[in-house]
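Subject: Structure handover

Hello,

Here is the structure to look through. Please open it first, then read the notes below it.

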Amino acid sequence: MMATRAPSSFEGTASRFEEQRERLTTYFDSTARKAWIDLTSDVKVSGIRATVRAGRDAMRETLLHWLPGDLRRTRVLDAGCGTGALSVLAARRGAEVLGVDVAGGLVAIAKERQPSFLGHGKIDWRVGDMLDPAHGRFDHVVAMDSLIHYRPEDIVATLVALADRCEHSMVFTFAPATPLLRAMHTTGKLFPRSDRAPAIVPVSETHLVRLLGEALPDWTVARSQRISSGFYISNALELVRG
Ligand SMILES: C[S@@+](CC[C@H](N)C(=O)[O-])C[C@H]1O[C@@H](n2cnc3c(N)ncnc32)[C@H](O)[C@@H]1O
């Protein structure tokens with residue numbers, strides 16, 4: 001059980017967010033743990049997973065490219081860090097990184113994988129909710145594929161909460177509402193809840209950008225980039241203050 005309060009900018013959002021977060025914790029710490037560890041390593045994976053891995057590598061590069069080249073004296077939140085690949089790359093560029101994930105089993109792998117040359121303290125690994133105010137303030141927030149299971153209202157409320165603690169930019173991904181993702185979403189709903197992974201929620205970019213504009217008037221959508229590779233379809237958005 002997480003003690004952190006969920007976002008509350010939209011009615012009904014808090015409890016929905018908490019329910020989904022609990023499902024994701026169970027899923028990424030048990031059912032999906034091994035597959036996720038393999039996908040984020042160099043081990044050989046099947047053809048489809050290899051395309052997903054390639055897409056995710058391209059997405060990680062895109063998000064990191066949107067951060068300043070020199071990240072020294074910069075604090076970065078890797079929100080939903082999983083096994084920690086993005087945290088490590090940001091720390092290699094000089095950032096002080098806080099990598100947090102609700103799935104303790106994945107954070108344990110992230111700690112194991114941290115290269116020794118980075119030294120202790122360069123990455124602060126935590127198990128818990130990305131919204132915990134105890135994490136402090138950041139220059140940049142990155143959420144790679146960690147909001148794709150939440151509804152658009154919950155994504156926006158999460159970003160509103162994070163914006164209060166972020167100075168410069170928030171980069172994150174959502175699952176764009178393409179016909180393929182919509183079909184997968186509908187098919188997923190045909191299975192009993194116990195048998196399925198928490199569904200990825202396809203989101204219309206126009207709808208999301210409108211919600212963001214209303215909820216975050218001091219922020220601007222600066223860049224958008226879609227990456228499609230096999231079954232991996234994800235869209236990055238960059239929000240900047242001002
Ligand atoms: C699809 S994985 C992506 C992991 C990592 N960002 C990457 O790209 O390799 C989504 C991750 O988000 C985490 N997550 C989801 N909701 C979260 C929350 N509210 N707080 C912290 N982590 C969360 C999940 O546990 C999972 O590890």
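**The chain as a whole**

Among contacts in the protein chain between residues at least 6 apart in sequence, 71% join residues at least 24 apart. Contact means heavy atoms within 4.5 Å.

A word on the source. This is a predicted model, in which local features need pLDDT of at least 70 and side-chain atom pairs count only at pLDDT 80 or more, while totals for chains, interfaces and linings use all residues. Residues are numbered from 1 along each chain as its sequence is written, and side-chain values use heavy atoms, with hydrogens and water left out.

The protein chain has 8 helices and 8 strands. These are DSSP runs, numbered from the N terminus: helices are H or I with at least four residues, strands are E with at least two. Of the 242 residues in the protein chain, 52% are buried. Buried means under 20% relative accessible area, exposed over 50%, and partly exposed in between, with a 1.4 Å probe and protein chains only. The accessible surface of the protein chain is about 11,400 Å². Carbon and sulfur atoms hold 54% of that surface. Accessible areas come from the Shrake-Rupley method with a 1.4 Å probe; for residues, only the protein chains shown count as cover.

**Around the ligand**

Which residues come nearest to the ligand? They are Arg56, Gly80, Asp101, Met144 and Tyr150, out of 20 residues around the ligand. A residue is near a molecule or strand if one of its heavy atoms lies within 4 Å of it. The shell around the ligand divides into 11 nonpolar, 4 polar and 5 charged residues. Here Ala, Val, Leu, Ile, Met, Phe, Trp, Tyr, Cys and Pro count as nonpolar, Asp, Glu, Lys and Arg as charged, and the others, Gly among them, as polar. Helix H1 (residues 13-31) gives the largest share of the shell, 4 residues.

Now look at the nitrogen atoms of the ligand. A backbone N or O atom of Gly80 lies 2.7 Å from a ligand nitrogen atom. For Met130, a polar backbone atom is 2.9 Å from a nitrogen atom of the ligand. For Val102, a backbone N or O atom is 3.3 Å from a nitrogen atom of the ligand. The protein covers 97% of the 590 Å² of accessible area that the ligand has on its own.

**The cores**

The largest nonpolar core has 38 residues. Leu159, Met170, Phe172, Leu208, Leu212 and Leu216 have the most contacts inside it. A nonpolar core is a set of buried Ala, Val, Leu, Ile, Met, Phe, Trp, Tyr and Cys residues joined through side-chain atoms within 4.5 Å. Helix H6 (residues 152-163) gives the most to this core, with 7 residues. Another core, of 27 residues, lies apart from it; Leu63, Ala95, Val97 and Ala110 are among its members.

Val156 lies in helix H6. Val156 counts as buried because its relative accessibility is 0%. The C-alpha atoms of Val156 and Leu211 are 7.0 Å apart, although the two residues are 55 residues apart along the chain.

Helix H5 (residues 104-113) has Gly105, Leu106, Val107, Ile109 and Ala110 buried. The buried residues of H5 pack against H1, helix H2 (33-39), strand E2 (96-101) and strand E3 (123-127).

**Two positive phi values**

Most residues other than glycine have a negative phi. Arg73 is not a glycine, yet has a positive phi of about 55°. Arg73 sits in the loop between helix H3 (47-65) and strand E1 (75-79). Is Arg73 buried or exposed? Arg73 counts as exposed because its relative accessibility is 72%.

Asp145 also has a positive phi, near 60°. Asp145 is in the loop between strand E4 (138-143) and H6. At 11% relative accessibility, Asp145 counts as buried.

**Two serines**

Ser234 is in strand E8 (residues 232-241). Ser234 counts as buried because its relative accessible area is 2%. The side chains of Ser234 and Asp145 are joined by a polar contact of 2.9 Å. A polar contact is a pair of N or O atoms within 3.5 Å; within protein, one must be able to donate a hydrogen and the other to accept it, and residues adjacent in sequence count only if both atoms are side-chain atoms.

Ser169 lies in strand E5 (residues 166-176). Ser169 is buried too, with a relative accessible area of 4%.

Best wishes
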